Amino acid sequence: MTKYTLPPLRPELLVCPNSACDATTRIGVHSHKERRYICHTCKTTFADTTGTMLYGLKHPLWLVLIVLSLLAYGCPRRALVATFNLDERTVADWQAKAGRHAKTVQEHRVCQGQVDVGQVQADALYTKTQAGPIWVATAMTVVSRLWLWGAIGWQRDQALITPVIEQVRAAARPGHAILFAVDGFKAYVSVIVKVFRDLLRNGKPGRPRLLVWAELQIVQVVKQRAGQRLLSITRRLAHGSLARAEAIMQATQVELGRINTAYIERLNATMRTWIPALVRRTRRPSGARERLQAALFWTGCVYNFCHMHATLAGTPAMAADLTDHRWSIDELIRYRCQRE
């Protein structure tokens with residue numbers, strides 16, 4: 001069997017963990033053998049796992065990384081327990097920690113107003129759990145296939161989709177044109193218009209007016225079905241200009257045609273494949289909603305930064321200019337967010 005070796009230390013990815021130190025650079029390698037770093041400003045030394053979910057774990061790091069890699073791509077937890085002789089609670093704990101870390105990475109790398117989102121497609125998928133039916137709302141940008149955010153709720157309502165749209169705004173570069181392609185659920189239009197507003201400050205007393213983004217377009221794609229058979233597809237402009245919406249669509253889609261929600265539906269199908277609890281008509285329980293959310297964010301973050309997309313020359317994060325290389329699972333799990 002080939003011996004697993006950890007990747008070399010990369011001090012350029014780090015910040016000093018000392019809360020009293022203001023340094024964000026000048027991190028050096030203190031010991032390659034012990035895998036420790038040193039901050040040249042405050043002279044603090046720290047392990048390469050400090051500040052990550054790997055710190056303090058009793059199992060070998062290579063085992064944790066392999067298990068997390070398999071979890072991200074849909075390997076059932078029971079298979080990992082049987083293969084590596086682990087306690088199921090241990091695997092669940094690793095996935096929960098990885099999910100919380102991935103959510104933080106998503107906030108600090110994606111939702112920082114740096115993405116030229118262009119066309120955004122949003123949708124919600126439905127699954128049954130032991131606790132009852134659950135809805136999972138997601139959104140992505142078409143041009144880079146970047147997964148922007150996800151949320152989980154007991155019902156498909158405004159409370160479910162609002163945090164997703166808010167994070168889409170947090171990711172979108174201000175002043176750039178944006179097209180939303182959504183299904184016929186009426187709450188989408190009211191939530192998007194409410195979130196994508198700015199204060200109009202004119203120097204006059206009183207509360208400033210709120211103006212909707214001038215370059216915001218919303219198109220609803222409504223599908224009529226009879227059972228499993230698709231009868232018709234109707235597209236209706238809910239906000240903005242149809243001509244401008246068509247122009248954004250043509251600039252962001254590789255496969256030209258009409259405005260649709262096919263890209264987010266494909267991504268949701270991928271999520272169903274990689275997250276066993278989302279598979280339709282399965283006896284696989286998803287457990288608590290927090291556990292399902294952890295699996296969603298861990299898989300979504302791996303999809304963004306580690307997964308080479310078939311139609312892109314790299315990962316979605318590379319296509320969105322958020323990174324210049326494909327991240328490994330090890331690099332993702334060790335990523336430290338800059339202190340505020």
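# Close-up views of a predicted model

**Figure 1. Strand 7 and strand 10 run parallel and are joined by five bridges.** The model shown in this and the following views is predicted. Within this pairing, A181 has V219 of strand 10 as its bridge partner. On another strand, strand 4 (residues 118-129), pairing with strand 7 is also in the parallel sense and extends over four bridges. Here V120 stands opposite F180 of strand 7, and Q121 has A181 as its bridge partner.

**Figure 2. Strand 7 (residues 178-182) is largely enclosed by the rest of the structure, because five of its five residues are buried.** In a regular strand, side chains alternate between the two faces of the sheet. Both faces of strand 7 are covered. On one side lie I178, F180 and V182, and on the other L179 and A181, all of them buried. I178 and F180 also belong to the residues with the most contacts inside the largest nonpolar core.

**Figure 3. Six strands form an open sheet with mixed pairing, in the order 6-5-4-7-10-11.** The edges are strand 6 (146-153) and strand 11 (229-239), each of which pairs on one side only. Neighbouring strands of this sheet are turned against each other by 20 degrees on average, direction ignored. Helix 6 (residues 242-252) lies across strands 4, 7, 10 and 11 and runs at about 80 degrees to strand 4. Helix 7 (residues 262-274) lies across strand 4, strand 5 (132-141), strand 6 and strand 10, at about 40 degrees to strand 4.

**Figure 4. Q220 is placed in strand 10 (residues 216-226).** Is this residue, Q220, buried or exposed? With a relative accessibility of 6%, Q220 counts as buried, since the cut-off for a buried residue is under 20%. The side chain of Q220 reaches the backbone oxygen of F185 at 3.4 Å. Leaving aside residues up to four places away in sequence, Q220 touches V182, D183, G184, F185, K186 and V189, as well as T234, R235, R236 and A238.

**Figure 5. The largest nonpolar core contains 87 residues.** Those with the most contacts inside this core are L68, I178, F180, I192, F196 and W298. Helix 8 (residues 289-305) supplies the largest share of the core, nine residues. Not counting residues up to four places away in sequence, W298 touches L68, A72, A98, G99, A102, I329, L332 and I333. A second, separate core of nine residues includes A177, V221, M249 and I259. In soluble globular proteins, nonpolar side chains tend to be buried together.

**Figure 6. T315 is found in the loop between helix 8 and helix 9 (316-319).** How accessible a residue is T315, buried or exposed? T315 counts as buried, at 0% relative accessibility. A polar atom of the T315 side chain lies 3.5 Å from the backbone oxygen of N304. N304 is also among the residues that T315 touches beyond four places in sequence, together with F305, C306, H307, M308 and R326. Although T315 and H325 are ten residues apart along the chain, 8.1 Å separates their C-alpha atoms.

**Figure 7. Three strands form an open sheet with antiparallel pairing, in the order 1-2-3.** Strand 1 (27-31) and strand 3 (45-47) stand at the edges with a single partner strand each, so one side of each lacks a neighbour in the sheet. From one strand to the next, the twist averages 40 degrees. Strand 2 (residues 36-39) and strand 3 pair in the antiparallel sense over three bridges. In this pairing, I38 stands opposite T45 of strand 3.

**Figure 8. The structure holds zero disulfides.** C39 takes part in no disulfide, and the nearest cysteine sulfur, that of C42, is 3.7 Å away. A disulfide would require the two sulfur atoms to be within 2.5 Å. C39 is buried, with a relative accessible area of 0%, whereas C42 counts as partly exposed at 27% relative accessibility.

Note on methods
Residues numbered from 1 in each chain as written. Predicted model: local features only at pLDDT ≥ 70, side-chain atom pairs only at ≥ 80, totals over all residues. Heavy atoms only, no water. Helix = DSSP H or I, 4+ residues; strand = E, 2+ residues; numbered from the N terminus. Buried < 20%, exposed > 50% of the residue type's maximum accessible area, 1.4 Å probe, protein only. Polar contact = N/O pair within 3.5 Å; in protein donor to acceptor, adjacent residues only side chain to side chain. Contact = heavy atoms within 4.5 Å. Pairing = 2+ DSSP bridges. Axes fitted to C-alpha atoms, helices over the stretch in contact; angles between N-to-C directions. Core = buried A, V, L, I, M, F, W, Y, C linked by side-chain atoms within 4.5 Å.
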